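Hi,

Here's the model I promised to pass on. Have a look at it first, and my notes follow below.

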Protein chains: 2
Amino acid sequence: MLEIKPTQALRLWREVHLDLVRDTQADLSVRQTAILLTIYLELPPHTVRGLAARLGVTKPVITRALDSMGKLGLVSRKRDEYDKRNVVIQRTVAGALAVEHLADLVTARARELGSA
Amino acid sequence: MLEIKPTQALRLWREVHLDLVRDTQADLSVRQTAILLTIYLELPPHTVRGLAARLGVTKPVITRALDSMGKLGLVSRKRDEYDKRNVVIQRTVAGALAVEHLADLVTARARELGSA
DNA sequence: CGATAATGATACGGCCCCGTAACGATCCGG
DNA sequence: CCGGATCGTTACGGGGCCGTATCATTATCG
């Protein structure tokens, strides 16, 4: 349970987004961010279909997001050996670092907030 | 000053992003979000050049963002009558509502967070 | 005045994402 | 064994955003 006022929420959101813009690297879309965090916060295993249902989007959205985030080294894919139709999405070191970095940004900006 | 743990920060970020994905409408980019919130949180007047400098991006980025957000009715533009080179960016009712809606999302999700 | 600077907009080529529809591969039930 | 269901991927047409370079308009200053 975390108490936060509307004005604080907006300032927090803005500051972190400014940080993300300045971070030349990561320019993930809203969808990609939601996918990445779901992979790193929810219990494995993760599948394309599962993520699509979880986010309320179509499967190609997940496939493409995994393609692009895979190029960035944020996630990786592996065929499920027991049901070769499935693909298991796996975490990577780079992905874990990116998620951790995001957490740092948010907590740091939150700490700076006045009570207004 | 707002105390928030890294795990809470990530869960908050994820939940709000999931909400944004499900909100069929707004699919603003990170840059657009930063621009919108800057316009609505910082004191006017706002200019293209000022926003570009504030965000550390080039002017065309701002122009294009204003184009697309203008189509969505989130902001509007007006020539500065005292220096006709300048364009003054103005807030709109729809934009204010969108910002307020975002604040609601963040505060609501924050309130749901456990202490983990 | 005229030259220079400053502002925002536009043109271009490139890349990424979207939704729909179709596809190959794999599993499963009769 | 084979037809149908399920999985993830790919193809297609369309649209958006990017960075660089350039532009027209307006202001400034000698």
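A quick definition before the notes: a salt bridge here is a side-chain nitrogen of Lys or Arg within 4 Å of a carboxyl oxygen of Asp or Glu. One of these joins the two chains through the side chains of B:E3 and A:R111, with N to O at 4.0 Å. The count between chain A and chain B is five salt bridges.

Some housekeeping: this is a predicted model, where local features need pLDDT of at least 70, side-chain atom pairs count only at pLDDT 80 or more, and totals for chains, interfaces and linings use all residues. Residues are numbered from 1 along each chain as its sequence is written, chains are lettered from A and ligands numbered from 1 in the order in which they are written, and side-chain values use heavy atoms, with hydrogens and water left out.

Back to the two chains. Chain A puts 40 residues into the contact and chain B puts in 40 residues (contact means heavy atoms within 4.5 Å). About 4100 Å² is buried between them, with carbon and sulfur atoms giving 72% of that; buried area is the accessible area (1.4 Å probe) that two parts lose on being put together, summed over both. In chain A, the residues that lose the most area to chain B are A:L2, A:W13 and A:R14, together 21% of what that side buries.

There are also 10 residue pairs in polar contact across this interface, both at pLDDT 80 or more. A polar contact is a pair of N or O atoms within 3.5 Å; within protein, one must be able to donate a hydrogen and the other to accept it, and residues adjacent in sequence count only if both atoms are side-chain atoms.

- A:V48 has a backbone N or O atom 3.2 Å from one.
- A:R49 has a polar backbone atom 2.7 Å from one.
- B:Q32 has a side-chain N or O atom 2.6 Å from one.

Cheers
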